[in-house]
Amino acid sequence: GDLTSVVMPNTITAIADDASPNISAGVFYRCSSLKKVILSKNLAVIPSYTFSGCSSLSSIDLSNVTEIGVSAFGECTSLTSVDLPQVTEIGPFAFNYCTSLASVNIPQATTIGEAAFQECISLKSIKLSYGISILGENLFYDCVSLTEMDIPRSVSTIEKGCFYMCNNIKEIYLPYNVSEIGEGAFYAHGLKTVTCESPVPP
């Protein structure tokens, strides 16, 4: 459609037929002309597919959001940065194929679903929570612009394909608590050095 901007007054806590306290899933799905969204400050949850396919969306303030659902921003190819200061949970595929996304800040998220940043080919900088324990399957799959990754000391498991084809990461430092690494987690052409803090490699 021709919808280019959305401004939600702070009185809005739901846009849903069932009056649940969040936006209904997919309400702006594939609104390809939508460029700017100002959310209600009382909206905490972005459900699955809410902005999926909004390929022109370049500006959205998520500072009051605490949870992001499955593919909520999938294929938002004009998003360049995401700051999620209060988000504690990110669903699978939440930002996959956000091909212009260059920086992400998620200091509180302790749960991030599989492939949440898959094919974010412009992603250069990401700050993860120091409370996260699992880096999920295909989490940063084909994030070819990543040059370094600070793996939080809280991480114990790095699932399969997590950094698959992240070819510009040259070295990885594995904190002491990492005890399990899945198949192909670090399959990449550029990786030269892996350093384990633990005397017993995972």
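Visitor: Is Ala115 buried or exposed?

Guide: Ala115 has a relative accessibility of 1%, so it counts as buried. Please keep in mind that this is a predicted model.

Visitor: Where does Ala115 sit?

Guide: Ala115 is placed in the loop between strand E9 (111-112) and E10. Its phi is near 55°, which is a positive value in a residue other than glycine. Most residues other than glycine have a negative phi.

Visitor: Which other residue has a positive phi, near 60°?

Guide: Asp142 has that value, and it too is a residue other than glycine. Asp142 belongs to the loop between strand E11 (134-135) and strand E12 (157-158).

Visitor: What is the nearest side chain of opposite charge to Asp142?

Guide: That side chain is Lys170, at 13 Å. Asp142 is buried yet has no salt bridge.

Visitor: Then what does Asp142 touch?

Guide: Leaving aside residues up to four places away in sequence, Asp142 touches Glu119, Ile121, Tyr164 and Met165.

Visitor: New topic. How many salt bridges are found in the whole structure?

Guide: The search finds 2 salt bridges. Glu75 pairs with Arg30, and their closest N and O atoms are 3.8 Å apart. Glu75 lies in the loop between strand E5 (67-68) and strand E6 (81-83), while Arg30 lies in the loop between E1 and E2, so the pair ties together parts that are 45 residues apart in sequence.

Visitor: And which residue forms a salt bridge with Arg153?

Guide: Glu197 does, with the closest N and O atoms 2.9 Å apart. Glu197 is in the segment after E15 and Arg153 is in the loop between E11 and E12, so this pair ties together parts that are 44 residues apart in sequence. Glu197 counts as partly exposed at 27% relative accessibility, and Arg153 counts as partly exposed at 49%.

Visitor: What about the nonpolar core? How many residues are in the largest one?

Guide: The largest nonpolar core has 57 residues. Among those with the most contacts inside it are Phe51, Phe73 and Ile158. Strand E8 (103-106), strand E10 (125-128) and strand E13 (171-174) each supply at least two residues of this core.

Visitor: Which residues does Phe73 touch?

Guide: Not counting residues up to four places away in sequence, its contacts include Ile46, Phe51, Leu57, Phe95 and Cys98.

Visitor: You mentioned E13. Which of its residues form the covered face?

Guide: Ile172 and Leu174 form the covered face of E13, whereas Glu171 and Tyr173 form the uncovered one. E13 pairs with strand E15 (residues 193-196) in the parallel sense, over 4 bridges. The bridge partner of Leu174 in E15 is Cys196.

Visitor: What is the strand order in the open sheet of 3 strands?

Guide: The order is E1-E2-E4, with parallel pairing. Strand E1 (5-7) and strand E4 (59-60) are at the edges with a single partner strand each, so one side of each has no neighbour in the sheet. E1 and strand E2 (residues 36-38) run parallel and are joined by 3 bridges. Within that pairing, Val6 has Val37 as its bridge partner in E2.

Visitor: One last thing. Where does pLDDT stay under 50?

Guide: That applies to residues 17-21, for which the model has 3 contacts beyond four places in sequence. The mean pLDDT of the protein chain is 92, and 94% of its residues reach 70 or more.

Notes: Residues numbered from 1 in each chain as written. Predicted model: local features only at pLDDT ≥ 70, side-chain atom pairs only at ≥ 80, totals over all residues. Heavy atoms only, no water. Core = buried A, V, L, I, M, F, W, Y, C linked by side-chain atoms within 4.5 Å. Buried < 20%, exposed > 50% of the residue type's maximum accessible area, 1.4 Å probe, protein only. Contact = heavy atoms within 4.5 Å. Pairing = 2+ DSSP bridges. Lys, Arg positive; Asp, Glu negative; His and termini not counted. Salt bridge = Lys/Arg side-chain N within 4 Å of Asp/Glu carboxyl O. pLDDT = per-residue confidence, 0-100.
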